[in-house]
Every structure is written in C-alpha cells, then in structure tokens.
Amino acid sequence: MWGGYSAGWKHVSMKLPGMAGVPFQLRWEYTQDSGVSGSAAAPAGTTKGVAFDNLVITSVHLIDPPHAPPTVSAGADQTKECVGVHNYVTLDGSGSASNSGGPLTYAWFQGATQIGNVATIVVDAPHQATTTYTLTVTDGHDNSASADTHVTIKDTTPPAITLNGANPMTVECSTGYTEPGATANDVCDGPVTASPSGSVVTSVKGVYTVTYTATDSVGNTATKTRTVNVVDTTAPVVALVGPAIIKVNFGDVFTDPGATSVDSCDGNLTSSIVETGSVNTSAVGSYTLTYTSTDGSGNHAAVTRTVKVIYTWADLQQPVNLDGSSIFKFGSTIPLKFQLTGASASQVITAKVYLAKVSNNVIGSDVEAISTSAADSGNTFRSSGGGQYIFNLSTKPLSIGTWQIRIDLGDGELHTVLISLK
Ligand SMILES: [Ca+2]
Ligand SMILES: [Ca+2]
C-alpha cells in the first residue's frame with residue numbers, strides 16, 4: 001500500500017474492492033512531530049486521498065471491511081428428454097452466495113433478453129436444441145458475477161403405435177380385408193402417421209403380416225406388426241348335376257350324372273368329390289348316392305341323390321280307363337290287368353292292389369264291361385306268364401261312389417287310378 005515517495009511526501013494508494021460509491025471512514029493514529037505542522041486534504045474524484053505532513057501512520061482500521069464479489073451458480077448443465085410442445089426446466093441459481101452479507105439480486109438472460117429476476121426460474125426450453133442461459137448476481141455493493149448453464153432438450157423416443165382392430169386378425173378366405181389402420185403418438189411431436197405395409201391376399205389361406213411404421217420429426221422410428229390369418233371355415237358348395245330323384249328302369253344301365261363342387265377359397269373341387277353308395281338296376285328299390293366334397297381346410301359338404309330302380313309296365317289295361325272316367329256296375333267284378341315291359345317282363349313280382357273310397361259321388365262317364373270270371377280273393381295279382389298279371393276285383397264289398405285303386409308293384413312306385421261304382 002505504500003505507493004511511492006516524492007517531494008518529501010509518502011504516497012499511499014489504497015484500493016478497496018467493492019467500495020465504489022460507498023462512503024467509508026479511515027481512522028488513524030499519529031504522533032505530532034516537533035514542528036507541529038500537520039495538515040489534511042480530501043480531493044474530489046474517485047481516488048480519495050488524504051495528505052498528512054509529518055505524520056507517522058501507525059495503523060489503519062477499516063470501519064466497513066472490503067466487500068468480496070458474490071459467488072454465482074447457475075446450476076449444472078441439464079439434458080432432458082422432450083416431453084411435448086413445452087419442455088419446462090428449472091434453472092436454479094440458489095447456489096449463488098453474497099459474500100458481503102447483503103442480499104443478492106438475480107438476473108437471468110437468454111441471449112440479451114432478461115427472462116427472470118429471482119434465484120430459481122422455470123424456462124420453456126427449445127426443443128431439440130442446446131440453449132445457454134446466463135445468470136448474473138449482484139450484491140448490494142454493485143459487485144456482480146455471471147455464469148452460464150446449458151439446457152439440452154432432445155428426443156430419443158420413437159412414437160408409440162396403437163393398432164386399430166384385432167391383432168391377430170382373422171379374415172375369412174375370399175371375403176376381403178379392409179385395412180383397419182393404426183394410430184401413432186409421439187411424446188414430443190404429438191400425433192404422427194402410422195403407415196401400413198404388406199399385403200393380405202384374402203383369396204389365399206395363410207398368415208400375413210402387416211407392418212405399421214411411424215417416424216417422429218427427428219427420425220426416431222417405431223414399427224408394430226399385425227398378424228392377419230386368412231382362414232377358410234366355409235364348406236364347398238356341392239350341387240347335383242341333374243335331378244335329385246332319378247328313376248331308372250329295372251335292368252337298364254344307370255349313368256350317374258354326378259355333382260359339382262365349388263369352394264370359395266379352393267376353387268373347383270369337382271374332381272375330388274367322393275361319392276358313396278351304388279345303384280343296382282337288377283334289384284328294384286330306392287338307392288341313395290352321397291356326393292361329399294372337402295376343401296383344403298377340412299370343411300365339407302354333401303348332397304344326396306335318390307335313385308329309384310323301378311319296374312316298367314304298360315299301365316293298367318282296359319277296361320280301366322287311366323283318366324278315371326270308367327264306371328263299373330256296383331257288385332260286379334272288374335278285371336285289373338297289366339303287362340310288365342322290357343327287362344321287367346322276365347321278373348316274377350308280387351303286385352298288390354289296394355282300394356280307398358274317395359267320394360260317394362260318381363265322377364266317371366264311361367260304363368265299362370265287367371268280368372264274368374270269378375273274383376280273386378286277397379289282393380295279390382296273379383301272373384299269367386310273360387309279365388302279364390291279372391286280378392279280378394270284386395266290388396261287392398265296396399259301395400257306390402268313386403274309388404282310388406292303387407297298384408303296388410313292390411318297387412316303391414305309386415300307381416293310382418280312379419274308378420266309379422254305380
Ligand atoms: Ca419422439
Ligand atoms: Ca372353403
């Protein structure tokens with residue numbers, strides 16, 4: 001602090017940091033010299049001084065000690081994951097300290113713009129950037145100090161994808177697939193697009209994968225997949241070719257017209273139809289043929305056909321009119337005659353006749369001749385050889401009116417004719 005010596009004066013320079021503009025007091029003790037000529041001066045200006053002549057300064061006591069500058073802390077640098085449009089971050093300057101014992105004032109800056117005036121502030125930090133914030137603290141003696149802190153907001157999180165509809169999804173073969181889509185949300189960016197890729201061929205059974213991709217604004221990409229199972233639970237459609245009931249004459253060759261099968265998924269399955277049952281045209285009766293078709297997924301369907309092997313005959317012969325117009329005298333005997341034809345003629349069959357009253361009215365118009373032969377008992381026709389059969393029907397047990405005559409050849413066919421008794 002002794003700054004020099006000139007013209008018999010000891011120069012004293014004093015720098016008191018933090019005391020700018022602050023009044024202070026110096027006290028000193030001195031011993032008057034023998035000349036008794038001491039004086040003092042206090043020149044204006046920032047450099048205060050006193051001049052003493054013939055003084056010996058023995059001590060200097062600072063009434064207000066020098067003020068050390070404050071300690072500033074803007075807090076540690078921070079890196080935060082983006083959480084949306086706003087990313088609020090606390091800047092904590094509370095670690096700053098006034099080393100002069102007085103209160104601190106705070107000034108936060110982003111660039112040249114002041115953004116806060118308290119120790120701890122919350123800022124909305126820019127997304128996907130590193131921003132520098134500066135804290136300047138000033139104590140009551142105009143001592144100030146500044147420090148920077150850095151806030152980095154980054155997005156390292158890909159969007160989250162949510163599938164619409166079921167996963168896995170089941171689609172019936174050949175019914176079509178409507179893409180149900182997906183949504184995606186990014187924590188930082190909000191809703192983003194989820195685009196599907198991959199195709200579903202609904203006409204072909206199988207397992208398909210549709211991949212949905214969503215990318216946020218900084219290139220974080222997410223994918224999610226949907227499994228689409230194209231299945232076939234639908235049985236083929238089997239259809240008869242030709243009628244469901246076919247009559248074939250005894251002894252004839254039966255040609256099976258078959259059936260067709262079309263499956264909505266597997267296409268034409270006609271060639272793989274399995275037919276069960278058979279027809280023997282050498283034996284009259286009803287036969288069932290079953291046509292079963294099974295698709296590649298085990299779905300099956302069947303249709304059946306009835307084949308009736310019947311005797312061929314030349315119908316009831318005269319005197320019975322087939323149109324129901326015959327009238328016979330009540331109590332007479334009616335000759336019922338028929339002739340088997342074709343291969344049937346060689347057969348010996350059991351043919352029976354049945355009667356049922358239809359009405360008390362007479363509907364016939366032609367009075368027929370009657371048999372003079374004895375009536376047959378029972379109801380079984382007699383064979384007279386060569387496929388010719390006869391039954392002399394007694395009408396004595398009957399009554400006046402209209403009757404239905406039913407002839408049963410034993411082949412399941414229903415042969416009826418109406419006659420009138422008068
Ligand atoms: Ca993101
Ligand atoms: Ca099918």
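The model is predicted: local features need pLDDT of at least 70, side-chain atom pairs count only at pLDDT 80 or more, and totals for chains, interfaces and linings use all residues. Residues are numbered from 1 along each chain as its sequence is written, while chains are lettered from A and ligands numbered from 1 in the order in which they are written.

## Overall make-up

The protein chain has zero helices and 34 strands. Helices (H or I, at least four residues) and strands (E, at least two) are DSSP runs, numbered from the N terminus. The chain holds 422 residues, and 21% of them are buried. Buried means that 20 or more other C-beta atoms lie within 10 Å of the residue's own; exposed means 12 or fewer, and partly exposed is in between, with C-beta atoms placed from the backbone. Among contacts between residues at least 6 apart in sequence, 65% join residues at least 24 apart. A contact here needs C-beta atoms, placed from the backbone, within 7 Å.

## Strand pairs

Strands of a sheet pair through backbone hydrogen bonds, either parallel or antiparallel. Two strands count as paired if DSSP finds at least two bridges between them. The table gives several pairs.

| Pair | Residues | Bridges | Sense |
|---|---|---|---|
| β7 and β10 | 105–110 and 129–138 | six | antiparallel |
| β10 and β11 | β11: 144–154 | 10 | antiparallel |
| β12 and β14 | β12: 160–163 | four | antiparallel |
| β14 and β15 | β15: 190–192 | three | antiparallel |
| β19 and β21 | β21: 259–263 | four | antiparallel |
| β20 and β25 | β25: 300–310 | five | parallel |

Next comes β14, residues 182–186. In a regular strand the side chains alternate between the two faces of the sheet. In β14, the covered face carries A182, A184 and D186, and the uncovered one T183 and N185. A182 stands opposite L163. D186 stands opposite G190 in β15. β14 and β15 form a hairpin with three residues between them.

## Two open sheets

One open sheet has three strands in the order β19-β21-β22, with antiparallel pairing. Its edge strands are β19 (237–240) and β22 (267–268), each pairing on one side only. Within this sheet, V237 has V262 in β21 as its bridge partner.

Another open sheet has four strands in the order β20-β25-β24-β23, and its pairing is mixed. β20 (245–249) and β23 (274–276) stand at its edges; each has a single partner strand, so one side of each is left without a neighbour in the sheet. The twist averages 25 degrees from one strand to the next. Such angles run from 0 to 180 degrees between N-to-C directions, and the axes are lines fitted to C-alpha atoms, for helices over the stretch in contact. N249 has I310 in β25 as its bridge partner.

## Nonpolar cores

In soluble globular proteins, nonpolar side chains tend to be buried together. A nonpolar core is a set of buried Ala, Val, Leu, Ile, Met, Phe, Trp, Tyr and Cys residues joined through C-beta atoms within 7 Å. The largest core has 30 residues, and V309, Y311, L336 and I407 touch the most other members. Several strands each supply at least two of its residues, including β24 (285–294), β26 (313–316), β32 (388–394) and β34 (415–421). β28 gives the largest share, four residues. The core draws at least three residues from each of domain 3 (237–310) and domain 4 (313–421). These domain bounds come from an automatic or database domain assignment.

Leaving aside residues up to four places away in sequence, L336 touches L316, V320, V353, I390, F391, L393 and I405. A second, separate core has 14 residues, among them V89, L104, A125 and V151.

## A closer look at T213

T213 lies in strand β17, residues 206–215. It counts as partly exposed because it has 17 C-beta neighbours inside 10 Å. Residues up to four places away in sequence aside, T213 touches A194, S195, S197, T221 and T223. T213 and T223 are 10 residues apart along the chain, and their C-alpha atoms are separated by 4.5 Å.

Key
Contact = placed C-beta atoms within 7 Å.
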